[in-house]
Amino acid sequence: MAVEVIVVPDLGGVDSVEVIELAVSPGARVELDESILVLESDKASMDVPSTAEGVLSRYLVKEGDSVTVGAPIAEIEVDSVGDSSEAKGKIILSDVKSNAKTVCQNHQNDVKTDSNGRDVSNEVVIASVPDTGSSEALEVVEVSVSVGDRVCEGDTLVTLESDKASMEVPASVSGTVIELLAFESDKLSTGDPVVRLKSNKADSVLDEGGGAVNLVEPLLDSPNELMPNSGTDKNVTVARGAQTEAEAVVSALEYSSSDVYAGPSIRLAARELGVDLTNVAGSGPRGRITREDLNSYVAQHISAPRVSSSFSDNVTPQPEVDFESFGPVERVKLSKVEILTARNMQHSWSTIPHVTHFDDADITELESFRKSLSDEARAKSTKITPLAFIIKSVAIALRVNSKFNRSLELKSNEYLQRKYINIGIAVDTQRGLVVPVVKDVDKKGIWELAEEVLRAAEKARQGKLTVVDMQGGCFTISSLGTLGGNYFTPIVNVPEVAILGVSKAAIKPHWSGNEFQPRLLLPLSLSYDHRIVNGADAGRFMGDIISLLSDIRQLAMF
């Protein structure tokens with residue numbers, strides 16, 4: 001029975017993502033295209049489908065790991081491999097084991113014995129290239145160790161790179177480098193040897209964080225430099241205090257390092273420490289950020305004044321409450337989407353001066369026209385909702401009121417004016433709130449928008465949104481639909497400058513000038529960033545939307 005290795009598919013331009021869920025138990029049978037695990041970035045989650053039918057023998061990753069495109073994630077035992085075209089992008093495990101066996105045989109002469117002649121060859125470990133997810137050889141762009149260096153399990157030995165991905169080869173054990181077997185510019189494939197290590201089991205470290213190395217403690221190997229003439233107990237206190245201070249300082253730095261040159265393990269460590277890699281100078285080849293660069297950056301901030309966190313400015317810590325004393329409770333872990341949503345909302349509310357403008361739109365005629373299209377909608381196998389008209393009206397208002405299509409960049413004292421109009425639609429799912437983006441809204445008609453909204457909402461609820469589906473928004477609409485409520489204060493979705501909240505429409509009396517008439521009024525709530533949008537701008541913007549929704553004939557004029 002052949003064994004195929006499933007690899008990470010294209011991530012839509014994202015360097016690395018986190019494994020948040022292993023969906024199938026090892027030993028269980030999986031069908032073709034059945035989801036076997038879930039990956040998640042800062043903006044989206046995606047299911048990785050099985051590319052073969054068979055039995056899931058084991059996972060090659062665990063929850064919390066950071067993976068890149070082409071990285072191996074699981075092994076599936078299948079009845080047959082299929083032709084070469086079907087097996088493209090998959091690795092046959094027998095070939096990998098054959099390579100590894102050949103490498104080990106080439107180094108049998110390195111077997112060592114002690115003074116009694118006993119075999120201690122297990123102390124010499126050949127570190128080799130793991131499954132790369134491709135038959136293409138990768139170039140060695142950086143050798144991170146030298147002969148004589150001591151390394152911990154998980155430390156990077158060399159960095160490989162192709163046109164599409166970057167991959168770090170980690171040490172599988174702790175020990176000392178006794179020989180380099182690969183050098184810069186070499187081309188390596190799965191199973192090729194990298195270095196020889198003399199293992200030291202006493203140095204092996206496997207922490208609860210999935211093998212991630214603490215980047216603060218190595219900086220404190222000589223705590224006497226911080227407190228001369230201090231005793232051992234005091235040294236431990238200083239080290240722990242410095243680590244706490246470092247975490248407090250770097251947690252205040254916003255992580256936005258998607259455009260820097262660094263490997264996945266460095267990005268994971270930076271994300272855990274809260275370090276913005278765009279502020280870290282890289283000393284590696286072509287400006288690559290190394291572990292030493294990150295260590296040095298953290299060291300420089302240990303003695304820096306404590307910075308107030310942008311996620312908790314002026315927030316009083318929540319008092320601890322013994323809820324169990326009042327009755328039974330259940331503790332449930334937040335999903336990654338829920339955690340990120342909470343963090344982003346706190347950041348937005350703490351940094352943006354929000355103002356909310358409330359108004360009603362008379363959609364009596366719009367609703368009558370929409371209902372008249374029901375037969376045509378059924379013929380088109382779609383459904384037309386008021387949201388399609390709202391999206392189109394907002395797109396026209398954005399074109400006329402360009403301030404609402406900007407982003408503020410305080411670091412350079414500039415604002416960015418977008419020339420395109422993409423609108424995000426907030427969708428409530430079981431995993432949390434997600435915002436798929438409808439692209440080029442101003443260039444599309446009502447029918448096309450209606451279909452795109454339904455399609456995006458369905459993908460969101462099924463957890464099939466990709467990173468690309470979530471990117472590029474200019475403005476967000478948060479609609480409560482038929483859930484009820486009159487008005488609410490939506491929070492601006494940074495880096496946008498405004499968001500429109502839509503509540504449930506209701507029949508209300510409206511004074512026509514002569515008498516009260518029953519009209520269908522739609523409550524609208526426009527929140528905006530007062531640093532770039534003022535009250536008069538908001539009044540004009542909301543007025544344009546209301547005018548378009550109240551007389552949809554005007555939509556044909558744009």
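Predicted model: local features only at pLDDT ≥ 70, side-chain atom pairs only at ≥ 80, totals over all residues.
Student: Why is R331 called exposed?
Tutor: R331 has a relative accessible area of 70%. Exposed means over 50%, buried under 20%, and partly exposed in between, with a 1.4 Å probe and protein chains only, so R331 is exposed.

Student: What is the mean pLDDT of the chain?
Tutor: The mean is 76, and 74% of the residues reach 70 or more. Over residues 81–122, though, the pLDDT is below 50.

Student: What makes E324 and R331 a salt bridge?
Tutor: Their side chains meet at 3.3 Å, N to O. Side chains of opposite charge can pair when their charged atoms come close.

Student: Is E324 buried, exposed or partly exposed, and why?
Tutor: E324 has a relative accessible area of 39%, so it counts as partly exposed.

Student: How many salt bridges are there by this rule?
Tutor: The count comes to 15. One of them joins K187 and E139, with the closest N and O atoms 4.0 Å apart. K187 sits in strand β16 and E139 in strand β11, 48 residues apart; strands here are DSSP runs (E, at least two residues), numbered from the N terminus, while helices are H or I runs of at least four.

Student: Why does E452 count as buried?
Tutor: Its relative accessibility is 16%, so E452 is buried. E452 forms a salt bridge with K444, the closest N and O atoms being 2.5 Å apart, and K444 is buried too, at 14%.

Student: Where is S503, and is S503 buried or exposed?
Tutor: S503 lies in the loop between β26 (498–502) and β27 (506–511). At 2% relative accessibility, S503 counts as buried.

Student: What does S503 touch?
Tutor: Leaving aside residues up to four places away in sequence, S503 has contacts (heavy atoms within 4.5 Å) with several residues, among them L480, Y487 and P523. The S503 side chain also reaches the backbone oxygen of N486 at 2.9 Å.

Definitions and conventions. Residues numbered from 1 in each chain as written. Heavy atoms only, no water. Polar contact = N/O pair within 3.5 Å; in protein donor to acceptor, adjacent residues only side chain to side chain. pLDDT = per-residue confidence, 0-100.
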